[in-house]
Each structure stands twice: as structure tokens, then as C-alpha cells.
Amino acid sequence: MRHATTYRYSTPVALAPHLLRLSPRATEGVLRRAIIVSPAPIEQREELDAYGNTITRVTFGSTPTSELHIESTFELETRPPLAPLVGASIPLPWPNPGAVDPGVAAFAQQPAAEVGNDPVAFLNHLCQSIAA
């Protein structure tokens, strides 16, 4: 993947520090990545933000420039999504009915029925129902 942005200024400007969010989230699937900035910054360092995302801080000297070019390239190893479960209707394992609050059981049975008791679809639908 490649992303490039070029800023051109009508008159030379001094560049302020920049915070770049152009890197994929740090995972085992990142094979390589690079951020190239021109004009070359006097400092370029990577950090993790509070959410675990890679950010790149760049600081420039005082020499004015009429152009700023930022290019991010990376290569990811991707995997196909989990294969759907075989069988359109797999019964959900319900615990002993006496051990579950009847209101909770009723709440869960409705979304299960709406998705044909498919476990993955049930979990997605249940999460959406709880959020709503």
C-alpha cells in the first residue's frame, strides 16, 4: 500500500511540527513499512498513542520551503476471514434453564431466533441489541 501527499505553497513557509497517522496498526501481519518526508525533518520518531496506534512525529528546521511531501508505504500479510460455520442452523448451547435469569434467557432467545440460531450471527446481533 502506498499513500502520498504533497503540499505546495505559493511562498516559502517554515514548517511546524507534524503528527503523522499513516502507519497500519502494529500487528504481526506488518511485513514492512516506511514513512518518507521531504524536506528531511531534523527529527523523526515513532511512538504509540493511547490506543496502541503507531504515530510518527516530525520536526523541521527553520529553513523555509515551498513544498512538503509525505509518503507512507507498507506491506501487510492478510488472512482470509474465518470460514463460515458449516450448517445453516447450529443449536446454541443453552445452560440449565433454572440457572439463568428468565429475563436474560428471553432477551437472548429473541436475537438467536432472528438469525436462525447461527452462533456467529447471534453474537453479532446480540452485541448490536445490547448497544441499542
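## Terms and model

Two strands are said to pair if DSSP finds at least two bridges between them, and the strands (E, at least two residues) and helices (H or I, at least four) are themselves DSSP runs, numbered from the N terminus. This is a predicted model, in which local features need pLDDT of at least 70 and side-chain atom pairs count only at pLDDT 80 or more, while totals for chains, interfaces and linings use all residues. Residues are numbered from 1 along each chain as its sequence is written, and side-chain values use heavy atoms, with hydrogens and water left out.

## Overall make-up and confidence

The protein contains two helices and six strands, and along the sequence these elements follow the pattern β-β-β-β-β-β-α-α. Of its 132 residues, 23% count as buried, where buried means under 20% relative accessible area, exposed means over 50%, and partly exposed lies in between (1.4 Å probe, protein chains only).

The predictor's confidence in each residue is given as pLDDT, from 0 to 100; the protein averages 84, and 83% of the residues score at least 70. Among the elements, strand E2 (residues 18-20) has the highest mean pLDDT, 97, whereas helix H1 (residues 102-114) has the lowest, 77. Where pLDDT is low, the predicted coordinates should not be read in detail.

Strands of a sheet pair through backbone hydrogen bonds, either parallel or antiparallel.

Between E1 and E6 the antiparallel pairing extends over eight bridges, and Tyr7 stands opposite Leu68 in E6. Strand E6 also holds Glu75, which counts as partly exposed at 37% relative accessibility. Glu75 and Leu31 are 44 residues apart in sequence, yet their C-alpha atoms are 5.5 Å apart in space. When neighbours within four places in sequence are left aside, Glu75 is in contact (heavy atoms within 4.5 Å) with Gly29, Val30, Leu31 and Arg32.

## The sheet E2-E5-E4

Another open sheet of three strands has the order E2-E5-E4, again with antiparallel pairing. Its edges are E2 and strand E4 (43-48), each of which has a single partner strand, so one side of each is left without a neighbour in the sheet. The twist in this sheet averages 25° from one strand to the next. E4 and strand E5 (residues 54-59) run antiparallel and are joined by six bridges, with Glu43 standing opposite Thr59 in E5.

Across the protein, 66% of the contacts between residues at least 6 apart in sequence join residues at least 24 apart.

Technical notes:
Axes fitted to C-alpha atoms, helices over the stretch in contact; angles between N-to-C directions.
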